[in-house]
Amino acid sequence: EHPRVASSLGQIADTLLDQGKPGEALAATSEAVAILRRTLAPGHPEMPRTLIAHSAALRQNGRPAEAET
C-alpha cells in the first residue's frame, strides 16, 4: 500500500471513464481515495486530484449528491 499505487489507480480510473466504464472507474477511485487517506497527511496535494476523479466517477454512476460531499 503506497501513494503511488493510488496515483496509478486514479490514472486507470481516468482511462476507464474515457472508455465508458464508470462502474469500474468508481471502484478504482474508491480504492485510491482509501489508500491516500491511510498513507498521506491531511492536505497532501495528491488528494484533491484523486477526489476530483472520484467525484467524476460518482457523477457518471448517477450519484451526483455523493460527489458533492
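**Overall build**

Reply: The secondary structure of the protein comes to four helices and zero strands, where helices (H or I, at least four residues) and strands (E, at least two) are DSSP runs numbered from the N terminus. This is a predicted model, in which local features need pLDDT of at least 70 and side-chain atom pairs count only at pLDDT 80 or more, while totals for chains, interfaces and linings use all residues. Residues are numbered from 1 along each chain as its sequence is written, and side-chain values use heavy atoms, with hydrogens and water left out.

Me: What pattern does the protein follow, read along the sequence?

Reply: The secondary structure holds four helices and zero strands. Read along the sequence, the pattern is therefore written with helix symbols alone, a helix being a DSSP run of H or I. The pattern is α-α-α-α.

Me: What is the radius of gyration of the protein, and how does it stand beside the globule rule?

Reply: The radius of gyration is taken over C-alpha atoms, and the globule rule is 2.2 Å times the number of residues to the power 0.38. For 69 residues the rule gives 11 Å, and the value for the protein is close to this, so the protein is as compact as a globular protein of that length. The radius of gyration is 11 Å.

Me: What percentage of the 69 residues is buried?

Reply: Buried means under 20% relative accessible area, exposed over 50%, and partly exposed in between (1.4 Å probe, protein chains only). Buried residues make up a share of the 69 residues that comes to 38%.

Me: Which helices do the buried residues of H2 pack against?

Reply: In H2, the buried residues include Ala25, Leu26, Ala28 and Thr29. Ala32, Val33, Ile35 and Leu36 are buried as well. Contact means heavy atoms within 4.5 Å. The buried residues of H2 pack against helix H1 (3–18) and helix H3 (46–60).

Me: What covers the buried residues of H3?

Reply: Among the buried residues of H3 are Met47, Ala53, His54 and Leu58. The 15 residues of H3 should span 21 Å, and the end C-alpha atoms are 22 Å apart, which agrees. The cover of the buried residues includes H1, H2 and helix H4 (64–67).

Me: Which residues is leucine 9 in contact with, leaving aside its neighbours within four places in sequence?

Reply: Leucine 9 is one of the core residues that touch the most other members. Beyond its neighbours within four places in sequence, leucine 9 is in contact with Ala28, Glu31, Ala32 and Ile35.

**Salt bridges**

Me: How many residues apart in sequence are the parts that arginine 38 and glutamate 1 tie together?

Reply: A salt bridge is a side-chain nitrogen of Lys or Arg within 4 Å of a carboxyl oxygen of Asp or Glu. The side chains of arginine 38 and glutamate 1 meet in such a bridge, at 2.5 Å from N to O. Arginine 38 lies in helix H2 and glutamate 1 in the segment before H1, so the parts tied together are apart in sequence by 37 residues.

Me: Is glutamate 46 buried or exposed?

Reply: Glutamate 46 forms a salt bridge with arginine 49, the closest N and O atoms being 2.9 Å apart. Both lie in helix H3, three residues apart, about one turn of the helix. With a relative accessible area of 19%, glutamate 46 is buried.

Key: Core = buried A, V, L, I, M, F, W, Y, C linked by side-chain atoms within 4.5 Å. Expected span 1.5 Å × (residues − 1).
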